[in-house]
Amino acid sequence: MWMSSARFPSTGMLPVRFPCSICGFSPTSWLFFVPQNGFLRIAFARILLSLPFADTYDLEQLELASGSWDIENGALVGRFRGNGGGICYTKRSFPGDILIDFYGTMLSPCNNDLNFVLKAEGWDYERNDAARGFIGGLNGWYEKKAGFEKYPRCDAQALVPCDAVSGQEYHIQEGYCEDTRFLIVDGRLLLEMRDPNPEEFAGFGRIGLGTYCSQIRFRDLKLLRPSWRPLFQSYQANF
């Protein structure tokens, strides 16, 4: 009954990230809904890692590959002052379908590049740059865009205009299921992209948070393993 009460209005607003303890599932699991390519994917997700960034213990779970990273007032703050990127990665790798869930804020006066990474290989210390992985962000790509790209070749990319506000906290959920990557911001599905070559990054599974010539605050990071199934959708004429 609880599941059937969810709505999917044409505005794109989604009932995302519900604790499943109220419907008999484990309290360490979540239920979320993503419409995609003519199907509705109803996903049940299990928490793999939770980093609230309350103290330095959580910082020890990360590889601070580039930039400056500190725990400040119960949050992780990343800074990079050059025309480049700072990224920290989980030390553990989580290959396969994945969903990340966190809160992020661009700290004034910065108003660009609240970044995050999925299905990553890690950092290339010889090149001093991110190795293979999907890099996403808000207010990025020098032109205030949101989306993601398959790095470093950037031959697969999905971007939309974005005007996120400095100092405002955003709830960000990004996932990769089978061959589809999607980005949800404050409960709204912002965009999705089919990966034309999903096997290329199949063995990669590190998660990252990033900044690019900016200072960003992150808190309450969760990594989840989604399972999903396609449901057939169709229109019924109402005229």
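# A buried Phe-53 and the fold around it

Phe-53 counts as buried, at 0% relative accessibility. Buried means under 20% relative accessible area, exposed means over 50%, and partly exposed lies in between (1.4 Å probe, protein chains only). This is a predicted model, in which local features need pLDDT of at least 70 and side-chain atom pairs count only at pLDDT 80 or more, while totals for chains, interfaces and linings use all residues. Residues are numbered from 1 along each chain as its sequence is written, and side-chain values use heavy atoms, without hydrogens or water.

Phe-53 sits in the loop between strand S3 (39-51) and helix H1 (56-59). Helices (H or I, at least four residues) and strands (E, at least two) are DSSP runs, numbered from the N terminus. Phe-53 has a positive phi of about 60°, although it is not a glycine.

## The chain overall

Of its 239 residues, 50% are buried. Take the contacts (heavy atoms within 4.5 Å) between residues at least 6 apart in sequence: 63% of them join residues at least 24 apart. The chain exposes about 11500 Å², and carbon and sulfur atoms supply 53% of that area. Accessible areas come from the Shrake-Rupley method with a 1.4 Å probe; for residues, only the protein chains shown count as cover.

## Nonpolar cores

A nonpolar core is a set of buried Ala, Val, Leu, Ile, Met, Phe, Trp, Tyr and Cys residues joined through side-chain atoms within 4.5 Å. Which residues touch the most other members of the largest nonpolar core? They are Leu-76, Phe-102, Leu-114, Leu-138, Leu-209 and Phe-218, in a core of 40 residues. Leu-76 shows what such a position looks like. Beyond its neighbours within four places in sequence, Leu-76 contacts Phe-53, Leu-59, Leu-62, Trp-69, Asp-70, Ile-71, Cys-88, Leu-209, Ile-216, Arg-217 and Phe-218. Another core, of nine residues, lies apart from the largest one; among its members are Tyr-89, Val-117, Ile-135 and Tyr-151.

## An open sheet

Seven strands form an open sheet with antiparallel pairing. Their order is S4-S7-S18-S9-S12-S13-S14. Strand S4 (62-64) and S14 stand at the edges with a single partner strand each, so one side of each has no neighbour in the sheet. On average, neighbouring strands of this sheet are turned by 20° against each other, direction ignored. Axes here are lines fitted to C-alpha atoms, for helices over the stretch in contact, and angles run from 0 to 180 degrees between N-to-C directions.

Two strands pair if DSSP finds at least two bridges between them. S9 and strand S18 (residues 206-212) pair in the antiparallel sense over five bridges. Ala-120 has Arg-206 in S18 as its bridge partner.

## Salt bridges

Side chains of opposite charge can pair when their charged atoms come close. A salt bridge here is a side-chain nitrogen of Lys or Arg within 4 Å of a carboxyl oxygen of Asp or Glu. By this rule there are 14 salt bridges. The table lists some of them.

| Salt bridge | Closest N and O atoms | Relative accessible area |
|---|---|---|
| Glu-143 with Lys-145 | 3.2 Å | Glu-143 53% (exposed); Lys-145 26% (partly exposed) |
| Asp-155 with Arg-153 | 3.1 Å | Asp-155 52% (exposed); Arg-153 56% (exposed) |
| Arg-181 with Glu-174 | 2.1 Å | Arg-181 0% (buried); Glu-174 0% (buried) |

Lys-150, Arg-153, Asp-155, Asp-195 and Glu-200 form one network, joined by salt bridges that share partners.

## Backbone details

Most residues other than glycine have a negative phi, and most peptide bonds are trans. Where are the exceptions in this model? Asp-186 has a positive phi of about 50° and is not a glycine. Asp-186 lies in the loop between strand S16 (180-185) and strand S17 (188-194). At 38% relative accessibility, Asp-186 is partly exposed, whereas Phe-53 is buried at 0%.

Then come cis peptide bonds. The bond from Ser-108 to Pro-109 is cis, with omega near 5°. Pro-109 lies in the loop between strand S8 (98-106) and strand S9 (114-120). The bond from Tyr-151 to Pro-152 is cis too, with omega near 5°. Pro-152 is in the loop between strand S13 (145-151) and strand S14 (157-161).
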